[in-house]
Amino acid sequence: MTEHFSEEMVVEKNASEEAEAPLVLASELLPNRLPIIPIRPRPLFPGLPVPLEVGSDHVQSIQHALDYTSKTIGIVLVRNLDAAESPENLYGVGVAAKILRVFQGEGDAPSILVNCVERFTIEEISKADFGMRANVKYPAPAELDINEELKAYAMAVITTLKDLVKLNPLQSEAIKMFLSRSTFDDPGRLADFAANLTTASGAELQEVLETFDVRTRIDRVLVLLKREVEISKLHVEINKQIQGKISGQQREFFLKEQLKAIKRELGLEKEGKTAEIEKFQERLKELTLNAEAKRAVEDEMDKFQLLEPHSPEYTVSRNYLDWLTALPWGKYSKDSYDVKRARQVLDRDHYGLEDVKDRILEFIAVGKLKGDISGSILCLVGPPGVGKTSVGKSIADALGRHFYRFSLGGMKDEAEIKGHRRTYIGALPGKFLQAMKTVGTSNPLIMLDEIDKVGASFQGDPASALLEVLDPEQNNSFRDHYLDVPFDLSHVLFIATGNQIDTIPRPLLDRMEIIRLSGYISEEKQEIARRYLIPKTIETHGLKDGQVVIRRDALNLLIENYAREAGVRNLENLIKKISRKAVMEIVREPEKKIVIRKNDVESYLGKPVFTPDEMFGNVPGVVTGLAWTSMGGATLQIEATAVQSRSKGFRQTGQLGAVMVESAEIAYSYIMAHLEQYGAKQDFFDERFVHIHVPAGATPKDGPSAGITMAAALLSMILEKPVRKRLAMTGELTLTGQILPIGGVKEKVIAARRVGCRLLIFPEANRKDYDELPDYLKKGLTVLFAGRFEDVYQYAFGGPAKRQHDSAR
């Protein structure tokens with residue numbers, strides 16, 4: 001047996017023999033043993049010619065059918081489409097089919113045209129040399145009674161098929177041909193044909209094939225047809241919607257194109273590229289570019305004119321020209337050097353800060369004589385909420401310059417400063433040239449917020465990129481990576497802000513002039529609240545004048561017990577909280593006028609955050625120190641105690657940094673070495689374990705200025721004698737008892753005033769810093785300047801001070 005076929009085998013019937021033969025049933029002519037061809041994903045039905053592609057695995061089965069079974073094969077649906085073809089994976093009912101033609105395709109796999117003849121039921125199936133073979137049983141012939149019910153079902157099927165023709169034109173020819181030759185005498189054939197037209201699943205169609213009862217079969221087919229009609233209706237509706245959208249878009253597109261053509265004919269509109277070029281040329285007429293920039297624009301314009309709008313480089317070139325011509329080359333706003341007006345603007349927007357205002361006025365006065373304030377870079381340093389950003393806005397207002405602000409906090413990409421290369425998708429210039437385009441002048445005031453919080457990463461170091469921008473010797477030819485032509489930033493007034501200078505890189509710090517905003521005392525906060533915060537809050541909350549009044553005593557209590565921070569941001573939030581609660585009361589009683597008195601504050605804000613005696617306990621072993629942080633000045637308690645022990649020991653707690661731990665050890669060693677000098681027993685530490693603690697334990701602390709405070713706490717604990725009331729001190733102690741200078745004198749004085757400490761001890765070397773403070777800060781304070789710890793001892797424990805300075809006199 002060969003597995004190869006001729007190019008085409010045609011089954012021909014002898015017409016004369018067929019005419020003389022008697023009529024017999026198809027099942028009587030079909031063999032009972034058939035080679036089986038598995039198919040997927042849906043079964044075939046009797047009465048339909050079907051082309052099949054046969055895999056190379058079934059070539060022998062086809063050849064066997066041609067040689068031994070009168071060209072008859074059995075076609076059976078596979079149960080599990082993903083499993084292998086096996087007797088167990090086949091349904092029990094299939095269809096017997098006559099091979100009409102065999103076509104030899106490419107390779108070893110032929111294609112066949114079969115005519116499906118009759119259903120059969122598999123009685124036994126097994127594997128053979130050529131594939132699978134089955135003993136099959138055909139349904140017994142039965143006389144079909146074509147009654148009225150069957151005719152009604154058949155008519156319903158035909159009607160549904162006609163509906164399907166209207167909805168599904170793809171099958172219209174096949175349906176029309178079948179209906180033209182079909183009658184009601186063979187409803188079974190009608191049902192099989194209709195089932196074959198549906199898109200039902202293989203399992204549902206197999207169920208129809210396995211239904212031998214015509215009445216039941218046509219009922220099931222009718223359900224499938226009705227569902228098919230609904231699916232076709234939905235398909236038609238979806239197509240209509242899509243076609244409607246496409247037609248609308250096409251119509252809009254054609255109308256727009258026609259409009260463009262009409263405008264071009266009338267001279268009302270030019271082509272896109274021509275219009276862009278004219279726009280760039282119009283911009284260039286108003287600009288004064290340097291030689292290199294002018295050459296770059298001309299070269300790019302020549303290149304742009306040669307590019308097609310659909311070219312990828314077209315957009316890149318257009319964006320580059322847009323940025324080059326949008327920058328304010330040679331455009332400057334006129335500066336105002338009116339010192340008197342500048343003073344009025346600063347006083348209008350800020351209360352206090354006299355030293356800061358004086359420095360800014362000096363800066364403006366120099367600009368008046370010089371005729372220019374270029375080359376100046378200011379850095380405003382202070383705790384949050386003291387008005388650094390608003391001071392920058394006031395300076396811009398006083399000078400008549402445009403104001404632009406952006407934050408450097410957390411910036412880690414150098415490209416944010418110097419821009420991206422044009423080769424990158426979505427490339428843009430850096431923040432400084434973006435600011436120039438936004439303000440429209442070459443001499444704005446640019447505020448660099450949070451300069452102390454600039455980051456660094458693998459993408460570069462923005463702080464180093466800022467060096468060129470903030471260097472007066474270099475920024476007159478600042479070269480952005482995107483533009484790659486020099487732009488003059490020397491006329492820009494840069495003002496940076498930060499909370500501390502320790503984290504600002506030293507080369508960057510050297511290019512800036514530091515102006516410190518130390519914070520506000522209680523009296524200043526009251527005036528700021530009365531003049532600015534309360535009116536602003538009343539307006540933003542929709543209140544009218546007089547509806548809510550905060551009395552002065554209530555405001556003072558609010559500042560002392562709830563808002564002791566250096567700035568006024570928290571104070572503003574508390575005033576807003578009071579206003580919101582007051583609005584709720586006014587909504588309930590519209591005619592009500594609310595007056596907030598001292599006794600009402602707690603009902604609006606809850607229990608006080610601070611108490612008057614919280615910061616300075618008058619007990620042995622506890623001394624109040626003064627510290628400086630990035631949030632401003634602060635007070636801290638230093639506690640010392642001793643525990644009886646067999647041997648001496650020393651411990652510090654409170655999350656102290658390395659420098660502060662060293663200060664504690666120096667204080668411990670100094671006091672232990674000078675016990676007799678201060679009237680204590682020489683062997684006090686021999687059998688005691690000493691513990692120093694600095695609350696609060698959750699807050700990290702560091703710095704050398706707590707040295708004398710720790711020594712005073714130890715001495716107070718040893719002598720069992722508290723220091724004087726309302727006393728606070730700061731200073732670095734050495735092993736020989738000398739007191740070294742510290743920083744942040746102004747911030748520490750403000751912190752002491754804030755908590756009510758009126759007796760202060762500072763290092764002798766800081767006398768000049770204290771003398772430079774404004775009188776309103778020194779008023780009411782008594783200050784000792786100590787050169788050695790003996791001075792601290794005499795003053796802190798009630799003895800006469802060697803060098804006393806009374807600021808109240």
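Colleague: Over which ring does the charged end of K437 sit?

Modeller: In this predicted model, the charged end of K437 is placed over the ring of W323, 4.2 Å from the centre of that ring.

Colleague: And what does R724 lie over?

Modeller: R724 lies over the face of Y795, with 4.5 Å to the ring centre.

Colleague: Turning to ring pairs, how many aromatic pairs are there?

Modeller: The count comes to 19 aromatic pairs. One of them is formed by Y678 and F789, whose centres are 5.8 Å apart with 90° between the planes.

Colleague: Why is that pair called edge-to-face?

Modeller: The angle between the planes of Y678 and F789 is 90°, and planes over 60 degrees apart count as edge-to-face, so the pair receives that label.

Colleague: Where in the chain are the two residues?

Modeller: Y678 is in the loop between helix 23 (658–673) and strand 20 (688–693), while F789 belongs to helix 28 (residues 789–796). The pair links distant parts of the chain, as the two residues are 111 residues apart.

Colleague: Is Y678 buried or exposed, and what about F789?

Modeller: Y678 is buried, at 4% relative accessible area. F789 is also buried, with a relative accessibility of 0%.

Colleague: What is the geometry of the Y793 and F797 pair?

Modeller: Y793 and F797 form a tilted pair, at 5.5 Å centre to centre and with 40° between the planes. Y793 is partly exposed because its relative accessible area is 25%, whereas F797 is buried at 7%.

Colleague: Which residues form the aromatic cluster?

Modeller: Y670, Y678, F789, Y793 and F797 make up one aromatic cluster.

Colleague: Now strand 25: how many of its residues are buried?

Modeller: Strand 25 (residues 782–786) has 5 of its 5 residues buried. Both faces are covered, with T782, L784 and A786 on one side and V783 and F785 on the other.

Colleague: In which sense do strand 24 and strand 25 pair?

Modeller: Strand 24 (residues 759–763) pairs with strand 25 in the parallel sense, over 5 bridges. Within this pairing, I761 has L784 of strand 25 as its bridge partner.

Colleague: Why does I242 count as partly exposed?

Modeller: I242 counts as partly exposed because its relative accessibility is 42%, and that class lies between the 20% limit for buried and the 50% limit for exposed.

Terms used: Residues are numbered from 1 along each chain as its sequence is written. This is a predicted model: local features need pLDDT of at least 70, side-chain atom pairs count only at pLDDT 80 or more; totals for chains, interfaces and linings use all residues. Side-chain values use heavy atoms; hydrogens and water are left out. Buried means under 20% relative accessible area, exposed over 50%, partly exposed in between (1.4 Å probe, protein chains only). Rings of Phe, Tyr and Trp (its six-membered ring) pair if their centres lie within 6.5 Å; planes under 30 degrees apart count as stacked, over 60 as edge-to-face and the rest as tilted. Helices (H or I, at least four residues) and strands (E, at least two) are DSSP runs, numbered from the N terminus. A charge sits over a ring if NZ of Lys or CZ of Arg is within 6 Å of the ring centre and within 35 degrees of the ring normal. Two strands pair if DSSP finds at least two bridges between them.
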